Amino acid sequence: MISKEIFLPEISLLIYAKSQFCTRHVRTMTGPIDTAVPIISINGLEKSFGNQRVLEGINLEVSKGEIMVIMGGSGCGKSTLLRHITGAIAPDKGSIKLFGQEITTMSEPQLNEVRKRFGILFQSGALFNSLSVGENVALPLREHTKLDNTTIEIMVKIKLELVGLREHADKMPAQLSGGMQKRAGLARAVALDPQILFYDEPSAGLDPVTSAEIDQLIIDLTRKLDVTSVVVTHEMDSAFTIADRMCMLDRGVILKMGTRREFEALRDTPPEQLAEEQDRLIRQFLRGDAEGPITQRKENSDYEEDILMVSLRRQTK
Ligand SMILES: Nc1ncnc2c1ncn2[C@@H]1O[C@H](COP(=O)(O)OP(=O)(O)OP(=O)(O)O)[C@@H](O)[C@H]1O
Ligand SMILES: [Mg+2]
């Protein structure tokens with residue numbers, strides 16, 4: 001007779017698999033957002049690279065269970081902010097708390113313990129090209145757990161099923177489409193059942209349908225697995241689909257933070273009714289309009305002066 005001890009892990013794996021499987025079929029559950037518990041808390045974060053000030057005093061709180069979308073133009077510092085929150089780079093100034101713990105003063109081993117509690121979907125997908133899709137997902141389980149090979153194999157199947165890639169476990173990353181690579185990256189990011197998921201441009205470069213599928217996956221994972229999500233994006237359709245709250249980053253500062261409703265209201269207000277230049281700038285970004293303060297700012301840049309200085313220098317030589 002087969003003993004209970006042999007059966008028990010299989011049974012708990014099955015229950016686990018079932019709970020994760022349901023994730024793909026829950027479409028619009030409202031998750032429990034606990035605004036009393038800031039799971040991420042950033043205060044006075046500053047960072048310069050050489051003479052370039054990239055982050056100029058960021059204050060941001062993300063509540064447990066919410067999807068926070070960080071928006072902003074190219075080069076405004078979104079990825080840099082994410083790299084600080086995930087402990088990849090250290091700030092010049094300021095505090096970053098994850099799960100109530102200050103990470104800016106942590107040693108590398110301490111940081112590694114915190115890193116086990118969050119997953120990252122990188123801007124590029126960042127799969128290891130020499131490993132199969134299944135091995136990519138298995139990697140964090142092999143590195144950070146003592147699970148045996150069979151259990152890891154089952155876990156990999158569960159995570160790949162979650163993102164609709166179970167049949168593609170043996171393929172190499174180069175054999176996947178861009179959307180499939182993003183989904184494989186997501187399966188790897190959730191391998192250790194993280195409490196926070198960070199996404200850097202999850203739908204960049206994808207067709208509208210695949211992009212909508214990724215959006216739905218982000219919502220489903222957040223709600224069903226009780227995860228907190230921080231999503232960096234400049235795809236506005238995606239932002240307005242997934243966000244509970246949004247924040248707009250510009251030139252290293254947060255111009256506005258608010259609920260999705262507040263940002264929708266700003267997007268839909270005629271510009272002549274907006275007294276503040278800052279609100280008109282955010283509105284232009286949200287709508288993707290060709291004209292507005294952002295365009296004006298580019299026109300007013302020191303481009304002409306820069307060119308004139310070069311020719312002036314040549315004349316005086
Ligand atoms: N390691 C680094 N060394 C020097 N400069 C850097 C470094 N990382 C980022 N920067 C600079 O910081 C600025 C912000 O970069 P970042 O990657 O955060 O922008 P982003 O908002 O994510 O842009 P995008 O939407 O194009 O991804 C850029 O001007 C970039 O050149
Ligand atoms: Mg970026």
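**Exercise 1. Which residues sit around ligand 1, and which helix gives the most to that shell?**

Solution. Start with the list: Phe49, Val54, Gly72, Ser74, Gly75, Cys76, Gly77, Lys78, Ser79, Thr80 and His234 are the residues around ligand 1. A residue gets in if its C-beta atom, placed from the backbone, lies within 6 Å of the molecule. Next, look for the helix: α2 (residues 78–85) gives the most, with three residues. Helices here are DSSP runs of H or I with at least four residues, strands are runs of E with at least two, and both are numbered from the N terminus. Finally, sort by type: the shell has three nonpolar, seven polar and one charged. For that sorting, Ala, Val, Leu, Ile, Met, Phe, Trp, Tyr, Cys and Pro are nonpolar, Asp, Glu, Lys and Arg are charged, and the others, Gly among them, are polar.

A quick note on the source: this is a predicted model, where local features need pLDDT of at least 70, side-chain atom pairs count only at pLDDT 80 or more, and totals for chains, interfaces and linings use all residues. Residues are numbered from 1 along each chain as its sequence is written, while chains are lettered from A and ligands numbered from 1 in the order in which they are written.

**Exercise 2. How do α4 and α6 pack?**

Solution. Take the axes, which are lines fitted to C-alpha atoms over the stretch in contact, with angles running from 0 to 180 degrees between N-to-C directions. The axes of α4 (residues 133–144) and α6 (residues 178–189) come within 8 Å and cross at roughly 25 degrees. So α4 is roughly parallel to α6; that label covers angles under 35 degrees, over 145 is roughly antiparallel, 65 to 115 roughly perpendicular and the rest oblique. Now the residues: Val133, Asn136, Val137, Leu139 and Pro140 of α4 meet Ala184, Ala187 and Arg188 of α6. Contact means C-beta atoms, placed from the backbone, within 7 Å. By type, that's six nonpolar, one polar and one charged.

**Exercise 3. At what angle do α9 and α10 pack?**

Solution. Helix α9 (residues 260–267) and helix α10 (residues 277–287) pack at about 95 degrees, with axes 9 Å apart. That makes α9 roughly perpendicular to α10. On the α9 side you'll find Phe263, Leu266 and Arg267, facing Asp279, Ile282, Arg283, Leu286 and Arg287 in α10. The contact splits into four nonpolar, no polar and four charged.

**Exercise 4. Where does Phe99 lie?**

Solution. Phe99 is in the loop between β4 (93–98) and β5 (101–102). Its phi is positive, about 50 degrees, although Phe99 is not a glycine.

Technical notes:
Two residues are in contact if their C-beta atoms, placed from the backbone, lie within 7 Å.
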